Amino acid sequence: MIRLFNKLFFTISLIVLSSCFNSNTISNTKTVNNYEINDLSGKWIIKNSNDYIIFEDTTKKIVLKTSCGIITGDFTKINQALIFNHLIDYSSDCKVPQDIKDRLNGIAYYKVNSSKDLTLYDENHNEKLTLLYNK
């Protein structure tokens, strides 16, 4: 009887200690947020600029609004690969800066920095644009 009592006491003690250990481990675990953006649809402000891009995921069309005019085109997105195609410049009085068109043409992929922030890179892993989601 004493032997059975000792085994029962030992088993209960292990369960209690084990549950304390697990909860302590969980409370000390830091989680890293991994953001994914599957649908780019919406207005994205180009960081440090008044320019913005509107993506329409269902039609794969984009509109880039700059202070000088508009660039339209379409895009191909597979996972995080992103390629802009058929870019057409519709300028009013001034010409859209060539470097913006060059940066768009050179985009190869994007990385999500947060739920409302992504960076576009070229194939050499150079940062080209950072976009901030604006609905």
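**Reading contacts, burial and a nonpolar core**

Trainee: Leaving aside neighbours within four places in sequence, which residues is Leu-40 in contact with?

Mentor: Contact means heavy atoms within 4.5 Å. By that reading Leu-40 is in contact with Phe-55, Asp-57, Phe-75, Lys-77, Leu-82, Tyr-110 and Leu-118, once its neighbours within four places in sequence are set aside. Residues are numbered from 1 along each chain as its sequence is written, and side-chain values use heavy atoms, with hydrogens and water left out. This is a predicted model, in which local features need pLDDT of at least 70 and side-chain atom pairs count only at pLDDT 80 or more, while totals for chains, interfaces and linings use all residues.

Trainee: What share of the contacts in the protein with a separation of 6 or more comes from residues 24 or more positions apart?

Mentor: Such pairs account for 36% of those contacts.

Trainee: In what order do the elements of the protein run?

Mentor: Helices (H or I, at least four residues) and strands (E, at least two) are DSSP runs, numbered from the N terminus. Here there are two helices and eight strands, and from the N terminus on the order is α-β-β-β-β-β-α-β-β-β.

Trainee: What percentage of the residues count as buried?

Mentor: Buried means under 20% relative accessible area, exposed over 50%, and partly exposed in between (1.4 Å probe, protein chains only). Of the 135 residues of the protein, 29% are buried. Ile-88, in strand β5 (residues 81-91), is partly exposed because its relative accessible area is 40%.

Trainee: Which residues have the most contacts inside the largest nonpolar core?

Mentor: A nonpolar core is a set of buried Ala, Val, Leu, Ile, Met, Phe, Trp, Tyr and Cys residues joined through side-chain atoms within 4.5 Å. The largest one has 21 residues, and Leu-40, Ile-53, Phe-55, Leu-82, Phe-84, Leu-120 and Leu-131 have the most contacts inside it. Strand β6 (residues 107-114) supplies the largest share of this core, three residues.

Trainee: Is Asp-122 buried or exposed?

Mentor: Asp-122 sits in strand β7 (residues 117-122) and counts as buried because its relative accessibility is 9%. Residues up to four places away in sequence not counted, Asp-122 touches Gly-106, Ala-108, Tyr-109 and Lys-128.

Trainee: Which backbone nitrogen does the side chain of Asp-122 reach at 3.0 Å?

Mentor: That of Asn-124. The backbone nitrogen of Asn-126 also lies 2.8 Å from a polar atom of the Asp-122 side chain.

Notes: A polar contact is a pair of N or O atoms within 3.5 Å; within protein, one must be able to donate a hydrogen and the other to accept it, and residues adjacent in sequence count only if both atoms are side-chain atoms.
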